[in-house]
Amino acid sequence: MRAAVLREFNKDLVIEDVPMPECPPDGVVLKVLACGVCRSDWHGWVGEHPRIKPGQIGGHEYCGEVVEAGPMATYKLGDRVVAPFILACGKCPACHSGHSNTCPDQRLPGFIEPGAFAQYVAVPFDHNLTLLPEGLSPTVAAGLGCRVTTAWHALTDRAALMGGEWLAVHGTGGVGLSAALLGKALGARVIAVDIVQDKLDHAVGLGIDYGVNASDGDVAAQIKKITGGGAHVSVEALGINQTVQASIDCLRPLGRHVQVGMPVGHTATMQINMNTVYMGNLALYGTRGMPAHRYPSLLALIEAGMVDFTPLIAREIKLSETGRELAAFNGPTPPGVAVITDFTA
């Protein structure tokens, strides 16, 4: 099969013919129908992700059709399914308590084992997969990827965002824009923050209430003025010190900060003003991925027409263009996300 392989950090991926994946006894092999290109992939591409080494096939935002099923598989040939990026064992205390995204025995195609920047991908623990709804295209389903699922878990299971509350989202890349759109669907009043005016205009055009350009000065002061005291919930979607502090500073008393952006490599250790947390009685939440059992709630929201993620997909690309999309994350990115839909070129 064809795959886009990381051979050198910060270099274009190499399109190679590689062996077909072996089918796990407790899983399936999927023909990849679509795969998103994510900032988490970029962290590995530049060498900041500790688990990703040269030789890796990335890609963790995928949906596909079952072409081979193991003897203990949940799904059968021909099923079209979408995957969370964390595949949990289903047997440990974390899984039994509903927190499968913290499973200590989790499997991670695209990070440790071969991912979906390829024509086929092996998926162990296939009980984590969810059938693709008939009305949802594979392209949009892959675009949900880790960005929409992570945002859904962050807002509903971590921050418990309520209708009528103010939500600030720092960074309007894939996961940030997803959080903003989901916040609106949940009835919140939403402020998007970025340094790229085109991305803010795009967000406001999709129904987001306010766009704040961080280049215009004190972000927290601007948000507190708009909200009359600060956001109830603030999502940091980049993973860098400056936006983390802005996210904490913009909260009103008893506000909730949710760390969605991945702080790895040189950004992993940060300095924040803990006195702000102390004086404001603030809550800080970490979040990563989404428990697989939460997929139906997210897909039901989409099927009911309460949120449309079609505008999230900005570019459908060829497998050979994946490296170009990763390189684009080196600077401010244009609005929307890229999804690989052509695996032959």
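Modeller: Two strands are said to pair if DSSP finds at least two bridges between them. The model discussed here is predicted.

Strand E8 (residues 166–170) and strand E9 (residues 189–194) run parallel and are joined by five bridges. Within this pair, Leu 167 has Val 190 of E9 as its bridge partner. In general, strands of a sheet pair through backbone hydrogen bonds, in either a parallel or an antiparallel manner.

E8 and E9 belong to an open sheet of six strands, ordered E10-E9-E8-E11-E12-E13, in which the pairing is parallel. Strand E10 (210–213) and strand E13 (283–286) are at the edges; each has a single partner strand, so one side of each is left without a neighbour in the sheet. From one strand to the next, the twist averages 20°.

Helix H4 lies across E8, E9 and strand E11 (231–236), and its direction is at about 170° to E8. H4 (residues 174–185) also packs with helix H3 (residues 138–158), at an angle of about 50° and with the two axes 8 Å apart. That angle makes H3 oblique to H4. The crossing of these two helices is right-handed.

On the H3 side, the contact is formed by Arg 147, Val 148, Thr 150, Ala 151, Trp 152 and Leu 155, which meet Gly 174, Val 175, Ser 178, Ala 179, Leu 182 and Gly 183 of H4. The residues of this contact comprise seven nonpolar, four polar and one charged.

How values were computed
Residues numbered from 1 in each chain as written. Predicted model: local features only at pLDDT ≥ 70, side-chain atom pairs only at ≥ 80, totals over all residues. Heavy atoms only, no water. Axes fitted to C-alpha atoms, helices over the stretch in contact; angles between N-to-C directions. Helix = DSSP H or I, 4+ residues; strand = E, 2+ residues; numbered from the N terminus. Parallel < 35°, antiparallel > 145°, perpendicular 65-115°, else oblique. Left-handed = near helix turned anticlockwise from the far one by under 90°. Contact = heavy atoms within 4.5 Å. Nonpolar A, V, L, I, M, F, W, Y, C, P; charged D, E, K, R; others polar.
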